[in-house]
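Please consult the sequence and the structure as each point is raised.

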Amino acid sequence: MLKKLKPELSIVLPVFNEEQNIPLVVAEYLKLTKVKNIEVIFVEDTGSTDKTREVIKKFSRKYTFVKALLINERGYGLSLYSGLKFARGKFICWTHADLQTDPKDTIRALNIIQKNSDEKVFVKGKRYGIPLSDSFFTFGMSVFETLILGKPLYDINAQPNLFHNSFIGLIKDPPSDFSFDLYIYYTAKKEGYKILRFPVLFKKRIYGHSAWNNNLASKIKFIKRTIKFTFDLKKRLNL
């Protein structure tokens, strides 16, 4: 019996009320399986109120490259960390399942890191095309994080994020919420990783809505959580 090859790239997609988007996402990644040996891991944390869980289970039965990871605790960061630990690829990536960024961006990121043989490379998108109000928000949070944590940090929530699987061992007690992006980006900087950014078009959603960026109140809540985590992280690292 032939041993099944490990995927070249694992792509982790946390999903929340993405029932309508998932068939479109799977169709896009199916095209990419003809280019690279990939696995796509959908992570659902019981938070969805639609049929997201049933849909990802259906596609995982239909396609071997699709994996359904179902966890019983809530949290964006928790879902991502679970998916990263579950991944089998030489390189691991995470992005969103809302199609606001093109799935082909994950392959662009993979090509970038493969041109750099050093394992200590972290590839991250750099968004363009976002609304002006979100641009001001991104700039303000970037300045705040940079000043508090002492590392240049910009467009922290940009996707995709991609790195060699050895990076997983550096993740210690990560946050379970949306601060996960900040924690990982900061960790890569702290550990001396070469950060490579590339332009990624940020589009409007086709279906559904953001889990946190719905209105001013949700933005304020996100800012408060992020500020609290930033100061907690600063304290924990004795910065």
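Q: Which residue with a positive phi follows H6?
A: This is a predicted model, in which local features need pLDDT of at least 70, side-chain atom pairs count only at pLDDT 80 or more, and totals for chains, interfaces and linings use all residues. Residues are numbered from 1 along each chain as its sequence is written, and side-chain values use heavy atoms, with hydrogens and water left out. Helices (H or I, at least four residues) and strands (E, at least two) are DSSP runs numbered from the N terminus. After H6 comes a residue whose phi is positive, near 80°, namely Gly192.

Q: How many of the 11 residues of helix H6 are buried?
A: Buried means under 20% relative accessible area, exposed over 50%, and partly exposed in between (1.4 Å probe, protein chains only). The buried residues of H6 include Phe180, Asp181, Tyr186 and Ala188. Helix H6 (residues 180-190) is largely enclosed by the rest of the structure, because the number of its 11 residues that are buried is nine.

Q: Within what arc do the buried residues of H1 fall, seen down its axis?
A: In helix H1 (residues 22-32), the residues Ile22, Val25, Val26, Tyr29 and Leu32 are buried. They line one face of the helix, since the arc within which they fall is 110°. The arc is that of the directions from the helix axis to the C-beta atoms.
The value asked for is therefore 110°.

Q: Which helices are included in what covers the buried residues of H1?
A: Contact here means heavy atoms within 4.5 Å. The cover includes strand S1 (9-15), strand S2 (38-44) and strand S3 (66-70). The helices included are H2 (52-62) and H4 (104-114).

Q: At roughly what angle do the axes of H1 and H2 cross?
A: Axes are lines fitted to C-alpha atoms, for helices over the stretch in contact, and angles run from 0 to 180 degrees between N-to-C directions. The axes of H1 and H2 come within 10 Å and cross at roughly 25°. That makes H1 roughly parallel to H2, a term for angles under 35 degrees.

Q: Which residues in H2 are met by Ile22, Pro23 and Val26 in H1?
A: The residues of this contact divide into six nonpolar, one polar and no charged. Here Ala, Val, Leu, Ile, Met, Phe, Trp, Tyr, Cys and Pro count as nonpolar, Asp, Glu, Lys and Arg as charged, and the others, Gly among them, as polar.

Q: Is Leu99 buried or exposed?
A: Leu99 has a positive phi of about 65° although it is not a glycine. Its place is in the loop between strand S4 (91-94) and H4. With a relative accessible area of 10%, Leu99 is buried.

Q: What separates the C-alpha atoms of Thr230 and Glu145?
A: Thr230 is found in helix H7 (residues 216-236) and, at 0% relative accessibility, counts as buried. Leaving aside neighbours within four places in sequence, its contacts include Phe144, Glu145 and Leu182. Although Thr230 and Glu145 are 85 residues apart along the chain, their C-alpha atoms are separated by 7.2 Å.

Q: Which residue does a cis peptide bond join to Gln159?
A: The residue lies in the loop between helix H5 (132-149) and strand S6 (161-164). The omega of the bond is about -10°, and the residue joined to Gln159 is Pro160.

Note on methods:
Parallel < 35°, antiparallel > 145°, perpendicular 65-115°, else oblique.
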